[in-house]
2 protein chains.
Amino acid sequence: MIAAPGRRLPVALDAMGGDDAPQAIVQGALEAVRHGENVILIGDERRLRQLLPSRGPTPQIAHADEVVSMDQGAASVRRMPDSSIRRTMALVGAGEACAAVCCGHTGASMVSARLELGSLDGVERAAIATLLPRSDGGRLVLLDAGANVDCRPEHLACFALLGAAYASVLGVDAPRVGLLSNGEEEGKGNGQVRTALPLIKALDLDVVGPVEPHTALAGGCDVLVCDGFVGNVLLKSAEAVIATALQILREEIKGRPSGVAGSWMLRSTMQRFHERLAWDAHGGALLLGTRGVVVVGHGRANPEAVCSAIALAREAVDRGLVQEVAARLAGSGA
Amino acid sequence: MIAAPGRRLPVALDAMGGDDAPQAIVQGALEAVRHGENVILIGDERRLRQLLPSRGPTPQIAHADEVVSMDQGAASVRRMPDSSIRRTMALVGAGEACAAVCCGHTGASMVSARLELGSLDGVERAAIATLLPRSDGGRLVLLDAGANVDCRPEHLACFALLGAAYASVLGVDAPRVGLLSNGEEEGKGNGQVRTALPLIKALDLDVVGPVEPHTALAGGCDVLVCDGFVGNVLLKSAEAVIATALQILREEIKGRPSGVAGSWMLRSTMQRFHERLAWDAHGGALLLGTRGVVVVGHGRANPEAVCSAIALAREAVDRGLVQEVAARLAGSGA
């Protein structure tokens with residue numbers, strides 16, 4: 001497949017991954033195409049064609065025979081070169097797409113990326129980076145958000161480089177890197193953190209040291225490095241708390257007498273509250289360290305989230321994320 | 001010292017530990033005494049006397065020469081038998097107080113508890129248990145919340161027993177125990193979790209398996225077991241998110257035109273929101289596995305939090321927490 005002349009390379013989108021696939025994925029792709037994006041859907045061609053409208057701009061389609069289901073182990077994708085997830089990555093590897101977006105099996109996405117794209121020099125483990133809103137208005141790059149559940153200290157050091165490269169691409173001049181810990185005094189942290197800290201400090205980075213969550217979320221650093229198990233628990237706990245907060249607000253608003261002047265005000269406050277607390281993980285996270293832009297979408301992605309994930313992928317391509325990451329790694333002698 | 005006849009044994013309160021000690025601690029003790037509680041303050045007697053009013057009921061005082069400061073290592077308390085924290089625990093060990101409350105150095109509190117009280121049979125590591133509000137209205141016992149940053153799988157199994165005993169004492173009939181993980185499918189989790197799961201399942205407990213934070217906070221289990229580093233990060237992240245949520249609500253309310261009918265409504269909604277989201281860690285957490293009731297208060301404890309910590313200690317004594325924990329451990333053959 002050759003990109004149409006004069007058009008940017010398409011974003012490859014695995015149409016078969018995600019709780020509401022392929023419907024939600026196709027809807028998201030259509031939305032993106034309507035906004036001028038170039039998308040190629042990978043999956044069961046016949047099924048996908050049925051979901052596309054007969055008129056108006058539509059995404060391209062590339063057929064894939066197989067689908068990796070959520071109850072399969074990540075390694076099973078090794079024996080499934082014709083799966084939609086492998087084909088999605090392969091299009092990027094072959095230079096036929098500029099980026100891959102997958103909302104399905106995270107583990108299978110990572111294995112597929114490694115198989116079809118390979119890792120950048122110096123990267124033993126790719127990491128998932130998520131952007132979190134800080135209370136000072138900035139954004140925090142959190143990684144690893146769940147790609148690696150048993151990290152060695154040297155993996156954390158590599159994550160520091162990957163995260164700093166991402167923050168640079170986002171426009172942060174000299175990203176401040178923090179290592180997530182249970183206290184900010186030297187000597188705090190578990191064995192993993194205490195061993196990783198000197199490795200990270202030895203890198204050519206602005207390292208603020210061990211940081212606690214509230215410091216990081218208040219703006220104390222631009223990059224927060226942690227083990228993938230810990231990062232995943234952190235993210236999911238925060239999501240659960242935010243969901244509870246929204247539920248409580250909703251209940252409080254419902255319990256009020258309706259029709260009064262304040263009712264509208266409560267509703268609009270609620271709306272703004274929701275927007276400002278929204279964690280960007282909703283729109284997907286970046287897999288850093290591979291030879292290509294890969295966005296891991298949320299399994300519960302709705303069309304809007306799919307659209308955001310595509311936009312995130314495009315932004316990473318336009319800003320030269322992979323090149324920046326490679327340069328950082330080379331500069332560190334990793 | 002002998003307890004006054006006809007009065008319950010006092011709660012021993014380390015007056016010198018905490019960011020605003022001794023002032024905030026003394027104020028909290030006074031508040032508790034006014035509510036009929038029996039408290040003994042441990043610390044610099046002359047300084048404490050100056051902080052007490054000349055009339056009305058006041059706490060007792062037991063003098064202690066030394067203070068463990070926050071920048072000292074936890075082990076330094078071994079060489080400080082006359083420190084307020086050691087003396088506080090020693091009063092419980094000697095049967096002169098029914099429980100100990102410390103808002104200072106958590107590590108030093110744990111070491112002091114081990115030295116002066118000892119661990120229950122079968123407990124290699126005591127754990128800090130915190131109560132979290134679930135969205136179904138119930139309470140979740142989370143442990144370890146930060147006592148042990150490098151747990152072995154068998155420690156997690158012991159925490160399951162400790163947490164189940166605590167939940168029983170809180171009135172939960174057959175506590176459902178979950179193991180915190182990054183996914184609920186079998187095979188998910190890091191090495192620690194995957195090794196601990198069969199050990200926990202082998203205990204005489206109702207084990208729901210690996211659980212994610214949102215499941216636990218929605219009511220999927222009564223006890224959530226995790227490594228202390230992970231538990232501490234979870235708690236602190238949630239606290240940071242809640243603080244951000246409250247800040248956003250406050251800002252949204254401030255930005256509204258004042259004097260309108262809805263203004264009061266927003267304020268009262270905010271108040272209720274705050275109350276319902278409040279995590280009980282504010283009032284202290286229980287150190288489980290020692291031969292005596294020990295409450296670890298928040299370092300930033302204000303008088304109200306000190307008062308809550310004293311109430312938590314008294315409740316644990318009245319409900320026979322240590323006896324229940326010991327019985328659970330004996331029943332499991334630990």
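Predicted model: local features only at pLDDT ≥ 70, side-chain atom pairs only at ≥ 80, totals over all residues.
Two strands count as paired here when DSSP finds at least two bridges between them.

Chain B holds an open sheet of 11 strands with mixed pairing, and its order reads E3-E2-E1-E4-E11-E10-E5-E6-E9-E7-E8. At the edges stand strand E3 (60–63) and strand E8 (206–211) of chain B; each has a single partner strand, so one side of each is left without a neighbour in the sheet. On average, neighbouring strands of this sheet are turned by 25 degrees against each other, direction ignored. Strands of a sheet pair through backbone hydrogen bonds, either parallel or antiparallel. For a parallel example, look at strand E6 (residues 139–143) and strand E9 (residues 223–225) of chain B, which are joined over 3 bridges. Within this pair, B:Val141 stands opposite B:Val223 in E9(B).

Turn now to chain A. Here, too, 11 strands form an open sheet of mixed pairing, in the order E3-E2-E1-E4-E11-E10-E5-E6-E9-E7-E8. Its edge strands are E3 (60–63) and E8 (206–211) of chain A, each pairing on one side only. The twist from one strand to the next averages 25 degrees. An antiparallel example is found where strand E10 (residues 285–288) of chain A meets strand E11 (residues 293–296) of chain A, with 3 bridges between them. The bridge partner of A:Ala285 in E11(A) is A:Val296.

In chain A, helix H7 (residues 213–220) lies across strands E5 (127–133), E6 (139–143), E7 (176–180), E8 and E9 (223–225), and runs at about 145 degrees to E8(A). In chain B, helix H3 (residues 84–93) lies across E1, E2 (39–43), E3, E4 (99–102) and E11 (293–296), running at about 160 degrees to E4(B).

How many of the 10 residues of helix H3 (residues 84–93) in chain A are buried? The count is 7, and the helix is mostly covered. The buried residues of H3(A) are A:Ser84, A:Ile85, A:Arg86, A:Thr88, A:Met89, A:Leu91 and A:Val92. Their cover includes strands E1, E2 (39–43), E3, E4 (99–102) and E11 of chain A, along with helix H4 (106–116) of that chain. After H3(A) comes A:Gly95, with a positive phi near 75 degrees.

Back in chain B, strand E1 contains B:Asp14. This aspartate is buried yet has no salt bridge, and the nearest side chain of opposite charge, B:Arg47, is 10 Å away. What the side chain of B:Asp14 does make is a polar contact with the side chain of B:Ser84, at 2.7 Å. Leaving out residues up to four places away in sequence, B:Asp14 touches B:Ile25, B:Ile42, B:Ser84, B:Ile85, B:Thr88, B:Val101 and B:Cys102.

Elsewhere, charged side chains do pair up: there are 29 salt bridges over all chains. In chain A, one of them joins A:Asp318 to A:Arg8, with the closest N and O atoms 3.6 Å apart. This pair links distant parts of the chain, since A:Asp318 sits in helix H10 (residues 303–318) and A:Arg8 in the segment before strand E1 (11–14), 310 residues apart. A:Arg8 is partly exposed, with a relative accessible area of 45%.

In chain B, the side chains of B:Arg8 and B:Asp318 meet in a salt bridge of 3.6 Å, N to O. Here B:Arg8 lies in the segment before strand E1 (11–14) of chain B and B:Asp318 in helix H10 (residues 303–318) of chain B, 310 residues apart. B:Arg8 counts as partly exposed because its relative accessibility is 43%, whereas B:Asp318 is exposed, with a relative accessible area of 51%.

B:Glu324 is partly exposed, at 27% relative accessibility. Salt bridges with shared partners also join A:Arg8, A:Glu37, A:Arg314 and A:Asp318 into one network.

Our last stop is A:Leu51, in helix H2 (residues 45–51) of chain A. With 27% relative accessibility, A:Leu51 counts as partly exposed. Leaving aside neighbours within four places in sequence, A:Leu51 is in contact with A:Pro22, A:Gln23, A:Val26, A:Gln27 and A:Leu30.

Definitions and conventions: Residues numbered from 1 in each chain as written. Chains lettered and ligands numbered in written order. Heavy atoms only, no water. Helix = DSSP H or I, 4+ residues; strand = E, 2+ residues; numbered from the N terminus. Axes fitted to C-alpha atoms, helices over the stretch in contact; angles between N-to-C directions. Contact = heavy atoms within 4.5 Å. Buried < 20%, exposed > 50% of the residue type's maximum accessible area, 1.4 Å probe, protein only. Salt bridge = Lys/Arg side-chain N within 4 Å of Asp/Glu carboxyl O. Lys, Arg positive; Asp, Glu negative; His and termini not counted. Polar contact = N/O pair within 3.5 Å; in protein donor to acceptor, adjacent residues only side chain to side chain.
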